[in-house]
Amino acid sequence: MDIKIDISKTLGFVSSEEINQYKPQVEKALEQLHNASGKGNDFLGWLTLPSDIKPQLEDIKQTAALLREKCEVIVCVGIGGSYLGAKAVIDALSNSFEWLNPSKPQIVYAGQNIGEDYLFELQTLLKNKRFGIICISKSGTTTEPALAFRLLKTQLEKQQGKESAKELIVCITDKARGALRTLATQEGYKTFVIEDNIGGRFSVLSPVGLLPIACAGFDIDHLILGAEKMMQVTREKSFENNPAAQYAAVRNALYAKGKKVEMLVNFNPKLHFMSEWWKQLYGESEGKENKGIFPASADFTTDLHSMGQYIQEGERHLFETVISVDQPKHEVDFPYDENNLDGLNFLAGKRVDEVNKMAELGTMLAHVDGGVPNIRISMPQLQEYYLGQLIYFFEKACGISGYILDVNPFNQPGVEAYKKNMFALLDKPGYEEASKAIKARLS
Ligand code: PA5
């Protein structure tokens, strides 16, 4: 029982021959990844992370256990690849109503926006609470987490005293560079290293994702075991036996046919943030040199009542990739009602999941009929082991797909443009020229 891919519902839109034409490119991409001979080959540490991380798992678990023991709330500070993976896994595994009845400690996030009200409300929540901070920033200089960290560290030191606060702060950053490393060394915080050869959006299986996930009480050993299994499966050169190779090939074949938007779709609300993580992974890796499939997402059936009309009948530039979870964790049977005023007695005795599965099947058939090709990725259950598989599957496919597109999937030069303007507008020292230019442009 593993993650499986089904591309049969793309075949009305691309032929098997057209998909098979990508075989040589896929093989070349696999070779370039495995031999580190392609673009961005100094950022391939994620490829073997499921094995390489194992010696650190004990330390991560012990640190998580200490934070869990000492804290009512743990704030994970980070943005982009430094937070989305952890949030995706924690949300996928957590009770949907955890926030109303928090088991201790509660995991919350900061540094993923610059919302003043968000930060005020977080500070208010943390008032007089024993809280800990995990500050995650590879560069150690990203504005959003740096700003949130300063605010939270100040509050923690006020509430606990500087010495006790030190016990409640963990930093995950570069081994030598960046302001966060300097600060952590100076203050004597516990730290974990993000290796040079692992980019943010490929870092969820490093301490970046594993420490918050362990703090939330989930089993990181099984997450890593699942990822390791997928690492073995996706080393396979034969196209037919490598799901990541098939996914990369079929999405590129669809792109070449004008399907420029990929919607990652789930039928389980717990996977909402898995889509957010996936969007960053693919958007930042492929969207460059005026190329790249636009990654979008939807939660079904919820969004069938908002986006369903467009998907069925709007511009035909979409394809869907559905993550389908075979088995829910719990069972809810639909009851019989004497009066049957809602007309739903035909569902009596059925499980709610059966209704959901028929919605999934019905949607797939309708969308395919409407001109939307469908890739289906099925996972047996929402469990750590399969989430580890899913994460590694998407990462490997992203590397292959980026090489097929002939871009460097491991850099993100375009992210700098907004930062430069923001710093110029805020009169950051060193940005004097840019500041003059941007102000003249706006006057
Ligand atoms: O994938 C990436 O590299 C980015 O999304 C980063 O993760 C994000 O910008 C945060 O950077 P940092 O960890 O340096 O604060």
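Student: Are Tyr282 and Phe394 buried or exposed?

Tutor: The model is predicted. A residue counts as buried under 20% relative accessible area. Tyr282 falls in that class, and so does Phe394: both are buried.

Student: Which residues form one aromatic cluster with Tyr282 and Phe394?

Tutor: Start from the two buried rings, Tyr282 and Phe394. Both belong to one aromatic cluster.

Student: How many aromatic pairs does the structure hold?

Tutor: Rings pair if their centres lie within 6.5 Å. The number of aromatic pairs in the structure is 19.

Student: Are the rings of Phe149 and Tyr189 stacked or edge-to-face?

Tutor: The centres of Phe149 and Tyr189 are 6.4 Å apart. Their planes stand at 80°. The cut-off for this class is over 60 degrees. The pair is therefore edge-to-face.

Student: How many residues apart are Phe149 and Tyr189?

Tutor: Phe149 sits in helix α7. Tyr189 sits in the loop between α9 and β6. The pair links distant parts of the chain, with a separation in residues of 40.

Student: What is the angle between the planes of Tyr282 and Phe394?

Tutor: These two rings also form an aromatic pair, 6.3 Å centre to centre. The pair is edge-to-face. The angle between the planes is 85°.

Student: Which helices does the pair of Tyr282 and Phe394 link?

Tutor: The two residues are 112 residues apart, so look at distant parts of the chain. Tyr282 belongs to α13, and Phe394 to α16. The helices are α13 and α16.

Student: Which helices do the buried residues of α17 pack against?

Tutor: α17 spans residues 416-425. Its buried residues are Lys419, Met422, Phe423 and Ala424. They pack against α7 and α18.

Student: Which residue with a positive phi follows α17?

Tutor: Most residues other than glycine have a negative phi. The residue after α17 has a positive one, near 60°. That residue is Asp427.

Student: How exposed is Asn290, in relative accessible area?

Tutor: Asn290 is found in the loop between α13 and β8. Its phi is positive, near 60°. It counts as exposed, because its relative accessible area is 85%.

Student: Which loop holds Asp406?

Tutor: Asp406 has a positive phi too, near 65°. It counts as partly exposed, at 45% relative accessibility. Its loop runs between α16 and α17.

Student: Which residues does a cis peptide bond join?

Tutor: Most peptide bonds are trans. Here one has an omega of about 10°. Thr301, on one side of it, lies in the loop between β8 and α14. The bond joins Phe300 and Thr301.

Student: Which residues come nearest to the ligand?

Tutor: There are 13 residues around the ligand. By class, one is nonpolar, nine are polar and three are charged. The nearest are Ser82, Ser137, Ser139, Thr142 and Gln280.

Student: How much of the ligand area does the protein bury?

Tutor: A polar side-chain atom of Ser139 lies 2.7 Å away from one, and a side-chain N or O atom of Glu284 lies 3.0 Å from one. A backbone N or O atom of Gly200 is at 3.4 Å from an oxygen atom of the ligand. Taken alone the ligand exposes 380 Å², and the share buried by the protein is 89%.

Student: Which side chain has a polar contact with Glu228?

Tutor: Glu228 is found in helix α11. It counts as buried because its relative accessibility is 14%. Leaving aside neighbours within four places in sequence, it is in contact with Pro50, Ser51 and Lys54. The polar contact, at 2.6 Å, is with Lys54.

Student: What is the C-alpha to C-alpha distance between Glu354 and Asp333?

Tutor: Glu354 lies in helix α15. It counts as partly exposed, at 37% relative accessibility. Asp333 is 21 residues away in sequence. The distance in space is 9.6 Å.

Notes: Residues numbered from 1 in each chain as written. Predicted model: local features only at pLDDT ≥ 70, side-chain atom pairs only at ≥ 80, totals over all residues. Heavy atoms only, no water. Buried < 20%, exposed > 50% of the residue type's maximum accessible area, 1.4 Å probe, protein only. Helix = DSSP H or I, 4+ residues; strand = E, 2+ residues; numbered from the N terminus. Contact = heavy atoms within 4.5 Å. Near = heavy atom within 4 Å. Polar contact = N/O pair within 3.5 Å; in protein donor to acceptor, adjacent residues only side chain to side chain. Areas by Shrake-Rupley, 256 points an atom, 1.4 Å probe, with all protein chains shown as cover. Nonpolar A, V, L, I, M, F, W, Y, C, P; charged D, E, K, R; others polar. Phe/Tyr/Trp six-rings, centres within 6.5 Å; stacked < 30°, edge-to-face > 60°.
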